[in-house]
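Please examine the following structure before reading the briefing below. The notes treat each chain in turn and then turn to one strand in detail.

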Amino acid sequence: MNDHSGKLLKIALIGNPNSGKSTVFNQLTGLRQKTGNFPGVTVDMKEGRLRFPSGFEATLIDLPGTYSLYPTSSDEKIVTTVLTNPQDDFYPDALVYVADATNLEKHLLLFTQLLDLDLPIVLALNMSDTAAEAGIKVNTTKLAERFSVPVVSISGRTGENIQKLLHELEKLLKTGGASIPPFYPLRDSEKQVSDAVQLNLSVDNPYRALLLAHHHSWLPFLPKQERETLAAIVQTKNFQSLKAQVDETLDRFDRFTPIVRQTILQPSVEPATFTDRIDAFLTHRWFGPLIFFGVMLLVFMAIFFGYDITGGWVENGTSAIVDIIGNSLPDNWFASLLTKGVLPGLQGVLVFVPQIALLFLLITILEEVGYMARAVFIFDKTMRRFGMNGRSIVALIGGGACAVPAIMGTRTISNWKERLITVMVTPFISCSARIPVYLVLIPVALPASSWWTKALIFGGMYFFGLTAALGAAFVFKKILRTSDPSYLALELPVYRMPHWKNVWLTVWEKVKAFIGGAGKIILYISIALWILGNSGPSGALENAENNVRSTAAADISQDSLNDMIAAKRLEASFAGIIGKTIEPAILPLGYDWKIGIALLSSFAAREVFNGTMYTIYSLESVAEIEESEAQNQRPFERYGRLRQQMASDTFDNGQHVYTLATGISLLIFYALAMQCMSTLAVVRRETGSWKWPVFQFLFMSGLAYLCAWLAYTFLPKV
Amino acid sequence: MQRRYRTIPDLKLNESALTLAFTDPALAGKLTAMGVLPGARIELVRPAPFGKAYYIKVDGVRLALREEEAASILLEI
């Protein structure tokens, strides 16, 4: 269905948090959805295509869940921003309001606010199946009469009455909805303000005018002049915004509660429910935190073993494709760019997809079940001690897969400072790209130690990252200032079985965020690195190659010769020159120019460290074999040839490069340094300026340098 | 003079009381929108494991509130 200008009509889905809105969204749109971005603000918004029974189509927009048009967090602010601005790209032609039928008395405040904005609206009473089980009976006809809007009982889970909802919505779009008197008549003080705003800013709706006055200080679409006019009105009328908000809210509840009571039959006694019995354990003084750590341990073990299995598949599958393409192309620069720049870049992206999907699958299940809200409750105090919010715990866990989607998930934190600190320290959590690097470096640092010691160090790396995150957060807490209010006030939803369609779609969304955000950057940097590694001062690369050919032993195998050429060419290339140029700077950490090149290439993704090391140590042809063997080997027995080569390498003075000191120094550097361009890009997007990502890069890398230097200086070089 | 009200931290476990009013306008806006209304019955379910927060129930809705959020709700004696 189209509007006058021929564009598709826009329908917005709106409701309280925990109203089951996203289930309804997925039910209505299925896979015909994408995640867009509100222009100017950094909140992602889901958009889908709606198909009516008669064949018409419309765009369905999923607005963030909120309790009222008086928002506290940045995702709640979106709702107010969109609905108070008819010029907004997402301003809807009609609304579908999703309310939880099992708790209607708490779910209608926002609904009545929307009624007063004069938008055509359908009231969808969700979870009708659960309500029926609980013995709740809703008289939808009467409810529809009292509110003068169409009302449909639906179930997002079973899909019950979804077609009926579409039918009602289509009818509403055709008729435009009934014009009804305001649900909440403005008080005198509000009316004076609203009238003045209507007059001065030519706003047609009195309630919208009032909202503009309430929110004039932050609504992003207001031009400076209008903002000043609004401020002047608020001041001359002596309008007490906060008090007016509370009075309005209470008045609305007073008006709709009787309506709900007259139209709903609810069993009066509430039995001790399943949720209460479970919470007696999950939020228990001792069991609560213990269970949480147990769950996290299981989650991260699943990730690690999942990485082991799926990483191998992806590696083997994509390597085979790279080989086929490589063999079918002539040996020229283009084939080299494709097989050594673009395809490994793509491979680097794909390798992470299964683990990221797995971690977000587990996180999403915990979230859908209702457990995450309990974790937030348990750890709010702990997180606040470090300047964050209980909600930060979700981001920190997500950081164990990939900081990019984890940072995007911080938008539910209302306080700017708490959110910023969470964004700044999440990259300290060891992400999946660090796993392969740790697996090479731990046995290099401690070749003689037992398997258990190595495993313990591996676990210790995660602990180290977490400690760094909390330590840095604590420092930021002392430095940063904000007047933003900070809230916990969180609904602890009833435990439910996860709705699998929601789970899959959420995981798909996170994976897309990774591919779109991190993936693109990894690819670009891989290409840039290929260029740096395959070009040099004129003739330098050819000279290096000719030198190898003329000095190589006659009986050397073709593979070894090629490997030696690849290594020498890399040394002579711009990448090699950069590595050698920065050598004086990294020598205090125990690193030679070869590690310098590897550090440089880690800017694509940390795991590229391994690939670069293979090339540099003339093992390019071995890399693939060892990567594919890896999945059949115990974690610290992998990459044997590479480790052997690294172990025998020496500085010019004959001292070994890879000692305990250098190994630990490198491990610390990889745990702490900000090496991920994708994360910096997403931090820029989320904080709105380059200031924070630049600062993050400097402090993380500075800390990494300092700690690595201390480790190298004080550890034995054996 | 004796206090005419108490707050959530004063409640015993599983004890409940009727809400009278709020002390902080900003928190009141947030809490009322979530359905914590004057006249509503609040039950203290349990404090958070590490303290500084409370698990409460208001008319069948379960909420987690910080200490200062909980303390801003005045309850009848």
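Chain A comprises 31 helices and 10 strands, where helices (H or I, at least four residues) and strands (E, at least two) are DSSP runs numbered from the N terminus. Its radius of gyration is 30 Å, close to the 27 Å that the globule rule gives for 718 residues, so chain A is as compact as a globular protein of that length; the radius is taken over C-alpha atoms, and the rule is 2.2 Å times the number of residues to the power 0.38. This is a predicted model, in which local features need pLDDT of at least 70 and side-chain atom pairs count only at pLDDT 80 or more, while totals for chains, interfaces and linings use all residues. Residues are numbered from 1 along each chain as its sequence is written, chains are lettered from A and ligands numbered from 1 in the order in which they are written, and side-chain values use heavy atoms, with hydrogens and water left out.

**Chain A**

- The C-alpha atoms of chain A fill a box of roughly 95 × 60 × 50 Å along the principal axes.
- Of the 718 residues in chain A, 56% are buried (under 20% relative accessible area, with exposed over 50% and partly exposed in between; 1.4 Å probe, protein chains only).
- Among contacts in chain A with a separation of 6 or more, 74% involve residues 24 or more positions apart; a contact means heavy atoms within 4.5 Å.

**Chain B**

- Chain B contains two helices and five strands, arranged along the sequence as β-α-β-β-β-α-β.
- The radius of gyration of chain B is 11 Å, close to the 11 Å that the globule rule gives for 77 residues, so this chain is as compact as a globular protein of that length.
- Its C-alpha atoms fill a box of roughly 30 × 30 × 20 Å along the principal axes.
- Buried residues form 56% of the 77 residues in chain B.

**Strand S4 of chain B**

- Strand S4 of chain B covers residues 61–66, and six of its six residues are buried.
- In a regular strand the side chains alternate between the two faces of the sheet.
- B:Val61, B:Leu63 and B:Leu65 point one way from S4(B), whereas B:Arg62, B:Ala64 and B:Arg66 point the other way.
- Strand S3 of chain B (residues 53–58) runs antiparallel to S4(B) and is joined to it by six bridges; two strands pair if DSSP finds at least two bridges between them.
- B:Lys57 stands opposite B:Arg62.
- The hairpin of S3(B) and S4(B) has two residues between the strands, and B:Asp59 takes a positive phi near 45 degrees there.
- Strand S10 of chain A (residues 490–491) is also antiparallel to S4(B), with two bridges, and A:Leu490 has B:Ala64 as its bridge partner.
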